[in-house]
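Please look through the sequence and the structure shown here before reading on. The report that follows is written to be read beside them.

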Amino acid sequence: MQTKIIKLESETTNIAEAADLIRAGELVAFPTETVYGLGADALRADAARKIYAAKGRPSDNPLIVHIADFAQLEAIAANVPEEAKVLADAFWPGPMTVIVPKNGRVPYETTGGMDTVAVRMPNHPAALRLIRESGRLIAAPSANRSGKPSPTEAAHVLCDMDGRIPLILDGGAVGIGLESTILDLTEKTPMILRPGYITKEMLEDVLHMEVKLDPGLIGADSQRRPKAPGMKYKHYAPDAELILVEGESADVVDTINALVRKMREAGKKTGVIATRETRDCYRADHVMSIGAREDEDAIARHLYKLLREFDALRVDVIYSESFQTPRIGQAIMNRLMKAAGHQVIKVEKPPKRQNERNDETI
Ligand code: TXA
Ligand code: MG
């Protein structure tokens, strides 16, 4: 199969071919504000199956249904919790997905066998047009091959899907760069199954109630399984081994440089994910800046692109600084930890020796 690319030059670029493909039960990759999605008719089992095949995705991992109108949620939910209405008013269209009980119109192929369905209204003109012009609800996971970093540019989609899908709509680089926040509304207390750009605090402010974080997300040593099936897989991962280093900035630089030296002596090709402030401090084969440390939006936007660029450079091991930024740091670190398979080195300052302490108190 030849994969065609249509460049979205303006908000009126003709996308009739994409809408026709969706109506025919075929696949179309399209931009959203978070990452590129791989879309198909959400209410057709055969179309949903094609998504799993193209991605190489395990069939127990459910898809997100994309809508352009709140009534489309009501059309596929067994019931619509009051919280969904309040949240939709505040955050839709936008990077938030809600999980609600599904009705019989949604095939189990779309929900990975679950009785609930994930729904989101994306904040991107091309995505909304594709839903409206096709007249279909569009099931769309991120448009990467299963396990790879999510695509934030059409070129990433082509890299993973060339020859596997008929069409990619190229809307340039996405705005956010991390997948939507997923919020489960099927239990008494809403629970975040995947952190994202919309934070727990933002949700709580709008709902005026407590929102929990899925305890299965906390760490590799957690005894609990994440509730979103997709969060249990090693994911967002580059081909190279990725190791996170946490600590004070100067200590992190020293530690990473020491690790790089060792690896290079062993004949390995090394990469470092640095910030604008630290990029000149490293001595690896390839050092890339993810953005300024204070600019968490830039860090989120560049993360997946950097992981893919290191793969293209065929590095063996990537060391990354960690980014516990105030607002979306939780989402950034969640993706990085998963990409790293939870390999983290915590650099702690050696405790001061007794005589040094005495000196200070003299
Ligand atoms: O930003 C996004 O959400 C992007 C764009 C394309 O919209 N989509 C995306 O889809 O990230 P995907 O398939 O890569 O991730 C969907 C996640 C998976 O972890 C899946 O397990 C979870 O949502 N999920 C979907 N339906 C669910 C359900 N009914 N219950 C629990 N988790 C669900
Ligand atoms: Mg994905």
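## Domains

The model described here is a predicted one. The domain assignment divides the protein into domain 1, covering residues 4–213, and domain 2, covering residues 241–346, and the C-alpha centres of these two domains lie 29 Å apart.

## The interface between the domains

The size of an interface is often given as the accessible area lost when the parts come together. For domain 1 and domain 2 the buried area is about 1,600 Å², with 56% of it on carbon and sulfur atoms. On the side of domain 1, the residues that lose the most area to domain 2 are Pro149, Leu178 and Pro195, which together account for 34% of what that side buries. Counted by contacts, 24 residues of domain 1 meet 16 residues of domain 2.

Polar and charged groups also take part in this interface: the rule finds 3 salt bridges across it, and 7 residue pairs, both members at pLDDT 80 or more, are in polar contact between the two domains. The side of domain 1 that touches domain 2 receives its greatest contribution from helix α6 (residues 154–161), which supplies 3 residues, and the residues of that side divide into 10 nonpolar, 9 polar and 5 charged. A salt bridge is also found between Arg335 and Glu179, where the closest N and O atoms are 2.8 Å apart.

## The surroundings of ligand 1

Around ligand 1 there are 27 residues, of which Thr34, Asn61, His66, Ser180 and Gly230 come nearest. Gly230 places a backbone N or O atom 2.7 Å from an oxygen atom of the ligand.

Side chains likewise approach oxygen atoms of ligand 1. In Ser142, a polar side-chain atom lies 2.9 Å from an oxygen atom of the ligand, and for Arg194 the distance from an N or O atom in the side chain to an oxygen atom of the ligand is 2.9 Å.

## Backbone geometry

Most residues other than glycine have a negative phi, and most peptide bonds are trans. Against that background, the peptide bond leading from Trp92 to Pro93 is cis, with omega near -5°, and Pro93 itself belongs to the loop between α4 (82–91) and β5 (96–101).

The other point concerns His208, which is not a glycine and yet has a positive phi of about 55°; His208 is located in the loop that runs between α7 (200–207) and β11 (212–213).

Notes:
Residues are numbered from 1 along each chain as its sequence is written. Chains are lettered from A and ligands numbered from 1 in the order in which they are written. This is a predicted model: local features need pLDDT of at least 70, side-chain atom pairs count only at pLDDT 80 or more; totals for chains, interfaces and linings use all residues. Side-chain values use heavy atoms; hydrogens and water are left out. Domain bounds come from an automatic or database domain assignment. Contact means heavy atoms within 4.5 Å. Buried area is the accessible area (1.4 Å probe) that two parts lose on being put together, summed over both. A salt bridge is a side-chain nitrogen of Lys or Arg within 4 Å of a carboxyl oxygen of Asp or Glu. A polar contact is a pair of N or O atoms within 3.5 Å; within protein, one must be able to donate a hydrogen and the other to accept it, and residues adjacent in sequence count only if both atoms are side-chain atoms. Helices (H or I, at least four residues) and strands (E, at least two) are DSSP runs, numbered from the N terminus. Ala, Val, Leu, Ile, Met, Phe, Trp, Tyr, Cys and Pro count as nonpolar, Asp, Glu, Lys and Arg as charged, and the others, Gly among them, as polar. A residue is near a molecule or strand if one of its heavy atoms lies within 4 Å of it.
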